[in-house]
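Subject: Structure for your review

Dear colleague,

Please find the structure below, followed by an account of what was found in it.

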Amino acid sequence: MKRVLFTIAAVIFITLLLPLAIVWLMGLGGEENTGSLESGRVSVYSADAGCAEDMDINQYLKCVVAAEMPADFETEALKAQAVAARTYLYSRIEDAENGNTAEVHNGATVCTDSAHCQAYISEEERRASWGADADENWDKISAAVEETAGRIMTYDGEIISAVFHSTSSGSTEAAVDVWGADVPYLQSVESEGDRLSPKYSSNLTLSEEEFKSKIDENVSGTDWTGELVSNITRSDAGGIISLDVGGVNIKGSELRNIFSLSSANVELTRENGNITMSVKGYGHGVGMSQYGANYLASQGMGYEEILKYYYTGVEIESR
């Protein structure tokens with residue numbers, strides 16, 4: 001009788017419990033993993049509504065990806081964006097758990113102001129903008145988020161600052177050249193596909209007087225008896241780190257902000273009483289280039305390869 005019972009128990013284990021155990025173990029180490037946090041909720045401060053809202057994390061991430069990247073991008077690029085967005089969110093959740101929340105969040109974990117956190121658009125708004133393609137586009141973005149569920153980037157076991165931008169100048173910028181802090185995983189890498197971006201180049205031409213006036217509105221102590229622009233220092237990627245305007249040294253990022261330029265990778269030329277600023281790239285240039293990621297995806301790269309290309313030395317793991 002004992003032998004019969006043992007045999008029955010063995011059959012049950014082999015046919016039912018063992019497969020379940022294997023699936024569970026594969027889920028822990030596999031590429032796709034839902035993760036316990038993915039099914040949770042997060043407090044989001046709406047910059048437009050002026051109040052905080054408790055959101056489903058899965059839905060929040062879909063709305064971020066829908067706002068940050070065009071739905072007609074390659075699937076692997078959308079997955080890379082989903083992981084970058086999730087990594088950023090998880091870092092903010094970790095900050096909140098440690099009692100560190102930004103004042104502009106008004107007590108929430110994250111906000112919808114793209115200048116401070118990540119861009120966000122509600123599903124309803126995005127669907128309305130897509131028109132007849134709404135279902136197809138939303139399903140594509142949903143799949144990118146769900147198929148990378150729980151996946152984030154880490155460096156030395158710590159969640160990274162997963163910054164990204166639209167289009168580089170042909171090479172991404174190192175964080176130290178833009179923000180002054182050397183971050184090991186935010187180094188400059190070539191990004192040749194960015195030249196195909198519709199945002200790759202732009203120009204702004206002003207008269208010399210308009211140029212001076214705009215500088216004077218934002219910079220104190222200028223002296224225009226000397227050179228208009230001099231002592232330009234550039235990064236390896238070509239972005240302006242600093243320059244003298246009217247004899248005053250300012251950062252390249254300040255120049256960009258003063259004239260609302262697409263990036264700080266600027267060539268200035270003076271001709272016939274005018275100043276022309278020829279700009280390459282769109283955004284701060286640090287981390288993943290979205291158009292570069294789309295190009296790499298079109299060349300057959302998977303989302304993990306794309307992320308590890310733009311974020312030097314990171315690991316992609318499930319949380």
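For the classes used here, Ala, Val, Leu, Ile, Met, Phe, Trp, Tyr, Cys and Pro count as nonpolar, Asp, Glu, Lys and Arg as charged, and the others, Gly among them, as polar. The model is predicted: local features need pLDDT of at least 70, side-chain atom pairs count only at pLDDT 80 or more, and totals for chains, interfaces and linings use all residues. Residues are numbered from 1 along each chain as its sequence is written, and side-chain values use heavy atoms, with hydrogens and water left out.

A pocket is an open set of points on a 1 Å grid over the protein atoms alone, where a 1.4 Å probe fits, with protein on both sides within 12 Å along at least five of seven lines; lining residues have an atom within 4 Å of a point. A volume is the space filled by probe spheres set on the points, which are joined across faces, edges and corners. Helices (H or I, at least four residues) and strands (E, at least two) are DSSP runs, numbered from the N terminus.

The largest pocket has a volume of about 640 Å³. Its lining comprises 25 residues, with Glu68, Ser114, Phe164, His165 and His284 nearest the centre. By class, this lining has 12 nonpolar, 10 polar and three charged residues. Strand E6 (164-165) and helix H9 (290-298) each contribute at least two residues to it.

The second largest pocket holds about 430 Å³ of space. Among its 28 lining residues, Asp177, Val178, Ser253, Ala264 and His284 are closest to the centre. Its lining has seven nonpolar, 16 polar and five charged residues.

Yours sincerely
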